[in-house]
Amino acid sequence: MRYSLKSPRFNRFKKGPAILIIVVLLIIGGGLGLHAWYNRNLGAVSSSRQVIYFPIASGASLHDIANDLKTAHLIRSATAFETYGRPFYSKMQAGTYALSPSMSTPQIVTKIVNGDVSRSYVTILPGKTIKQIKQAFEAAGYMDSELASAFDPATYSGEQILSYMPVNGTLEGMLYPDSFQREADTPATTIVRESLEEMQKHLTPAIIKGFSSQGLSVYQGITLASIVYKESGSSQYEPTIAQVFISRLKQNIALGSDVTAIYGAVNDGVNLPDNIDQASVIAVNHDSPYNTRLHPGLPPGPIANMTDDALKAVAAPSNTNYLFFVSGNDCVIHFAQTEAQHEQNIQKYGAKACS
């Protein structure tokens, strides 16, 4: 039997190889595109040679280092950094490094692997707990014996900011993130005091008045700002996230914040996995005073330090009326007014933490 070019069977035979070729080309194109993305994201963030003093604590995971570098605007992509840095991770050394946005990922990794540390500054990064900040001091060369006194609130009894704290409170959330210069003989207490004083400067009369207008004391405002910062991932979402939490507080709805539950679990010595989704599942089932899924209102205190933007967000939240939000797989936070809308957002965008 003979087939013409118009024969359906002939066309079927001709289409098969064509489809295969298209699929192969798409795979090759996708691979080339991914390779181009990877190489581009290994490059420097900018041409700026501004020196940023970046601490790496002993035992820090590659994932944590990558995320902190991204937060400090020193790399383009945490994922690209992790991919490039994985073969070198076992050789990376703790310490404080003088880095700049003009450095590429390979240059940064080389510096960390070589242990080319700078001891002239101590950097306190945002979103860090007291335990993590202590590790940054250790990386800068301070001894445990000195840090015990340096992180004791009683050492700074004259500081105004401590008057906002409850009796037996800790310095959690009270140290403002910044880089602080040190000499060889600079005591840790000097740097901690400078950080406390910097935090006080950011608690302006306008911020304190804003807290009060939301029905919050200064300490409660700081506590909520720490939660807002940890939940946001970006300052653009902070005013609306603050609005959600303030609205829930006013309506006696549990905050339901996973980051508070995670803090409480870690504070109680629960060993959580690095994966944020897995950690959340374990943490929300652990009963602690910080589990805002189980307990109404604010937790007992801050869960980390925060930036000026987070403080401003709580003092002047968005003029919206949302009660829910979810960080979707698309790396966008989606807000909702009702639980039904919230569930639709979860179904549509997912509810996994965006890395």
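Biologist: Hi! Which residues have the most contacts inside the largest nonpolar core?

Modeller: Phe 137, Phe 151, Val 192, Leu 196, Leu 203 and Leu 311 do, in a core of 57 residues. A nonpolar core here is a set of buried Ala, Val, Leu, Ile, Met, Phe, Trp, Tyr and Cys residues joined through side-chain atoms within 4.5 Å. Buried means under 20% relative accessible area, exposed means over 50%, and partly exposed is in between, using a 1.4 Å probe and protein chains only.

Biologist: Which helix gives the most to this core?

Modeller: Helix α9 (residues 218-232) does, with 8 residues. Helices (H or I, at least four residues) and strands (E, at least two) are DSSP runs, numbered from the N terminus.

Biologist: What should I know about the model itself?

Modeller: This is a predicted model, so local features need pLDDT of at least 70 and side-chain atom pairs count only at pLDDT 80 or more, while totals for chains, interfaces and linings use all residues. Residues are numbered from 1 along each chain as its sequence is written, and side-chain values use heavy atoms, with hydrogens and water left out.

Biologist: Back to Leu 196. What is Leu 196 in contact with, leaving aside its neighbours within four places in sequence?

Modeller: Its partners are Tyr 156, Ile 161, Leu 162, Leu 171, Met 174 and Leu 175. Contact means heavy atoms within 4.5 Å. There is also a second, separate core of 21 residues, which includes Ile 65, Leu 69, Met 103 and Val 113.

Biologist: New topic: how many salt bridges are there?

Modeller: The whole structure has 6. A salt bridge is a side-chain nitrogen of Lys or Arg within 4 Å of a carboxyl oxygen of Asp or Glu. One of them joins Arg 293 to Asp 258, with the closest N and O atoms 2.8 Å apart.

Biologist: Where do Arg 293 and Asp 258 lie?

Modeller: Asp 258 is in helix α11 (residues 258-267) and Arg 293 is in the loop between α12 (276-283) and α13 (308-315), so the pair ties together parts 35 residues apart in sequence. Arg 293 is partly exposed at 47% relative accessible area, and Asp 258 is partly exposed at 22%.

Biologist: What about Asp 308 and Lys 312?

Modeller: They form a salt bridge too, with the closest N and O atoms 3.0 Å apart. Being 4 residues apart in helix α13, they are separated by about one helical turn. Asp 308 is buried at 17%, whereas Lys 312 is partly exposed at 45%.

Biologist: And how many aromatic pairs does the structure hold?

Modeller: There are 8. Rings of Phe, Tyr and Trp (its six-membered ring) pair if their centres lie within 6.5 Å; planes under 30 degrees apart are stacked, over 60 edge-to-face, and the rest tilted. Phe 137 and Tyr 142 have ring centres 5.7 Å apart and planes at 40°, so this pair is tilted. Both Phe 137 and Tyr 142 are buried.

Biologist: Last one: how do β5 and β6 pair, parallel or antiparallel?

Modeller: Strand β5 (residues 324-327) pairs with β6 in the antiparallel sense over 4 bridges. Two strands pair if DSSP finds at least two bridges between them. Val 326 stands opposite His 334 in β6. In β6 (residues 333-336), Ile 333 and Phe 335 point one way, His 334 and Ala 336 point the other way, and all are buried.
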